[in-house]
Every structure is written in C-alpha cells, then in structure tokens.
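Have the structure open as you read.

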Amino acid sequence: MPPQAQGRPVTADTPGTRAEGPRATGGSRSGPGERVGPAPGPAPGPGSPAAGRGPEDALTGRQRLVKGVWPPRLTRAQLIVALLLFGLGLGLAIQVRSTNENSVLRGARQEDLVRILDELDSRTQRLQDEKRRLENQRTELENSSDQAEEARKQTLQKEQQLGVLAGTVAAQGPGITITIDDARGSVESDMLLDTVQELRAAGAEAIQIGKVRVVAGTYFSDSGGAIRIDGRKVTRPYVVKVIGKPEDLEPALNIPGGVVQSLEKEQATVSVRREKKIVVDALRSAKRPDYARSSSR
C-alpha cells in the first residue's frame, strides 16, 4: 500500500460518491449530512450500494411527487394564467347553456313557432283583460263607497228635515215670538188655529204653543173655558214660538183684517218680536201607522 493511504480509507473517485472522513465517537455530528446516534458500525466498503446514496435518494417516488406538488409554489404569472383560464371556462359554459336553450326554438318548425307566438299573444291579451277588469272593479268600489257615503249624508239630512216637520226632533233658527195676553178669556181655540194657519202660509217651519209642538195632525178644542191642543191644556198668556223668515212672518200677522186685528177685537193684547234664534224643543213621539205603507219600490 502506498504511503499516502496509510491511516485513512480511500474510496474510488467515481461519480455519485464522496470521500468520508473519520467519524467522531459517541454519536456526535462531525459534518453536514450526518445524524446524531450511536456509534456506527464499520464503514461500507467501496462496493456497498449505500456508499453512494444521499438523503434525497432515500425517498420513494411517491414521496418525491408529494413533496414536489405540496405546498404549491405559484408565481404571479401562474396565478394570472389560472384566473384567465377560469374566466374562459366560465364564459364557455354560459355560452353552451344559452346555445342549448335557444337550440329548441332554432330547431322548431315554422308551425310550432307560429303556435308559440299565438300562445304568447293570447296570454298577453288575457293579462291585459284581467288588468282592465281589476281596474274597473277598483273604480266601482271607489265610486260605490263615495255614493254610499253621499247617500248616507243625504239620508241623515232628510231625516233631520222630516223630524223637524214631524216634531220628533228639536229645532232652532231665526223667527218670531208671539205673546197673546187674554185677560178676559175671550180668545177661543179657533183663533189660535187661524194664527197657526196664517203662520204656515207665511212659511213657518216649526211652531210651538206653550209646551205643545204643533204639527200637521195637531187639533184644537175648547174644554171648560180652557183651550186644549192635542188634548193638552195650554194656559194664558199664550206664547207662540215660530221658526221661519221673520221678514215674512211678521207682516203676515199684521195685514189688515189679519190675526193681530182679530185678536185685538176680542180685547186681547198681541205682541210680535223678531229674534235671531228661536229654540223649539217640545217633541212629539213618532207613531207608526197601522195601515199606511210606503208605495216606493
């Protein structure tokens, strides 16, 4: 053996092999690539398979594939290319879907297309008719509501008017107050009736004598030196409250040969006073007729 080789092993200078120096005892690391562990056995000889294999060569093919794929190492250019490819694929998928949907109509016959158009026109016409019907119904409901409200108001007004004429409701308004003072008791029931007739002819709308409401069916009578109206006795002086136009009522009483002069001939004192507000609050109970019925239909 040559003198240069004394004291250290020499390996063949072949590709894929490297010279290994002396190892430290006790399992300590003496160089890169060596692991800490128990003292190794005899160094492999020049012909051993492990003499020329490093740590990378010890991995299997699957392990090297996984290590090369994960974790992924993407560059900016690769990321941009991936996004472009994703957008291109999405656009192609949408285009294919649209083409498939339109292919049904493209492949249809002319008769089928005409039928489809007719069905669409018919459906559109039905929807428009339904819309007009609903609009007309809404208009009718609005008009009926307005008409019902107006009818209700007119009914209430008519009820008030008829109540005033029938004496079933109180009334107020301008008019006159007539006071007949009969100290001698010479005034009879027919004179009061003439007064009422004259007032009605002059446009009186509500009349009250004492505490009795005078209406269309009111009657006058004499009984025991007293005057009775609808069977109720009225006492002197006779106070007549009349609602109507004062400018028409007062002259009607003062005409020559009229009510005032006729009462004054009986030695009665008559005073007529105009007032802006007359309250007629004497009421009569409404009686339901036994035989008469409304003829309106």
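Against which elements do the buried residues of H5 pack? They pack against S1, helix H4 (189-201), strand S7 (238-243), helix H6 (259-265) and S8. Contact here means heavy atoms within 4.5 Å, and the element names are DSSP runs numbered from the N terminus, with helices (H or I) of at least four residues and strands (E) of at least two.

A word on ground rules: this is a predicted model, where local features need pLDDT of at least 70, side-chain atom pairs count only at pLDDT 80 or more, and totals for chains, interfaces and linings use all residues. Residues are numbered from 1 along each chain as its sequence is written, and side-chain values use heavy atoms, with hydrogens and water left out.

**The buried face of H5**

Back to helix H5 (residues 246-253): its buried residues are Pro 246, Leu 249, Ala 252 and Leu 253. They sit on the same side of H5, because they cover an arc of only 140° around the axis. That arc is taken from the directions from the helix axis to the C-beta atoms. Buried means under 20% relative accessible area, exposed means over 50%, and partly exposed is in between (1.4 Å probe, protein chains only).

**Two buried polar residues**

Thr 177 belongs to strand S1 (residues 171-181), and with a relative accessible area of 7% Thr 177 is buried. Its side chain makes a polar contact of 3.2 Å with that of Glu 275. For a polar contact, a pair of N or O atoms must be within 3.5 Å; within protein, one must be able to donate a hydrogen and the other to accept it, and residues adjacent in sequence count only if both atoms are side-chain atoms. Leaving aside residues up to four places away in sequence, Thr 177 also touches several others, including Val 239, Val 240 and Lys 241.

Gln 208 counts as buried at 3% relative accessibility. A polar atom of its side chain lies 3.0 Å from the backbone oxygen of Gly 210.

**Salt bridges**

Side chains of opposite charge can pair when their charged atoms come close. Counting a side-chain nitrogen of Lys or Arg within 4 Å of a carboxyl oxygen of Asp or Glu as a salt bridge, the model has five. Here are some of them:

| Pair | N to O distance |
|---|---|
| Arg 132 and Asp 129 | 2.2 Å |
| Arg 284 and Asp 230 | 2.3 Å |
| Glu 275 and Arg 273 | 2.8 Å |

Arg 284 lies in the segment after strand S8 (269-280) and Asp 230 in the loop between strand S5 (226-229) and strand S6 (232-234), so this pair ties together parts that are 54 residues apart in sequence. Arg 284 is partly exposed at 28%, whereas Asp 230 is buried at 16%.

Arg 132 and Asp 129 are three residues apart in helix H3 (residues 110-166), which means about one helical turn separates them. Arg 132 is partly exposed at 41%, as is Asp 129 at 35%.

Glu 275, the partner of Thr 177 in that polar contact, is partly exposed at 23%. Arg 273 is also partly exposed, at 44%.
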